[in-house]
Amino acid sequence: MLSKNIEGALNKQIRIEAESSQTYLSMACWAEIQGLEGVAQFMYAQSDEERQHMLKLIKYVNERGGHAIVTDLKAPKTSFGNFKEMFEELYKHELFVSDSINKLVHITFEEKDYATHNFLQWYVAEQIEEEAQAKTILDKINLIGEDRGGLYLFDRDIQILSVTSAAAPNVK
């Protein structure tokens with residue numbers, strides 16, 4: 001059985017995961033109209049992944065005697081100066097999500113809810129992977145600089161990009 005405090009914190013994380021999905025969906029739409037088909041495909045996949053993270057939390061809350069709440073969402077940004085700016089925002093967002101997960105884990109530890117603490121370890125590992133992937137993408141974008149040919153290759157190659165962190169060995 002979840003405490004009301006942990007149930008509330010998990011519901012807050014459900015909202016964050018839903019907003020993450022919407023944010024990445026908006027990024028996919030922007031990339032697609034910019035002619036960045038590979039980036040768009042990557043962002044559509046990221047959006048789907050975030051929705052799966054949300055659903056996993058919803059199921060957990062409901063299975064543990066809580067009530068998962070679906071709330072209204074903050075509208076995401078719909079335009080970006082360029083693709084580098086978009087990926088910088090993605091990286092910052094992943095850092096925000098990691099911080100939120102870490103705070104949630106801390107609450108479970110304080111309340112000695114070891115079942116939820118254990119459940120959240122998957123999210124901790126996932127965020128390590130997400131941060132590493134976003135950082136790798138930014139590193140590649142910085143290598144490209146203003147080279148249009150490099151952008152073309154990056155757009156093609158991002159469709160197959162897969163970064164696995166040593167701390168999170170393929171936990172998906």
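Predicted model: local features only at pLDDT ≥ 70, side-chain atom pairs only at ≥ 80, totals over all residues.

Tutor: Let's start with the packing. Two packed helices are described by the angle between their axes and the distance between the axes. Here, helix 2 covers residues 37-63, and its axis sits 13 Å from that of helix 3, at an angle of about 20°. Angles under 35 degrees count as roughly parallel, and so helix 2 and helix 3 are roughly parallel to each other. As for handedness, their crossing is left-handed.

Now zoom in on the side chains. Helix 2 brings V39, F42, M43 and E50 to the contact, while helix 3 brings M86, F87, L90 and E94. Sort the residues of this contact by class and you get six nonpolar and two charged, with no polar ones.

On to the largest pocket, which holds about 250 Å³ of space. Its lining is made of 13 residues, and the ones nearest the centre are T23, K74, P76, K77 and H93. Two elements each give two or more residues to that lining: helix 1 (4-33) and helix 3 (83-110). Helix 1 gives the most, though, with five residues.

How values were computed. Residues numbered from 1 in each chain as written. Heavy atoms only, no water. 1 Å grid on protein atoms, 1.4 Å probe; cavity = no way out; pocket = protein on both sides within 12 Å on 5 of 7 lines; lining within 4 Å. Points joined across faces, edges and corners; volume = space filled by probe spheres on them. Helix = DSSP H or I, 4+ residues; strand = E, 2+ residues; numbered from the N terminus. Axes fitted to C-alpha atoms, helices over the stretch in contact; angles between N-to-C directions. Parallel < 35°, antiparallel > 145°, perpendicular 65-115°, else oblique. Left-handed = near helix turned anticlockwise from the far one by under 90°. Contact = heavy atoms within 4.5 Å. Nonpolar A, V, L, I, M, F, W, Y, C, P; charged D, E, K, R; others polar.
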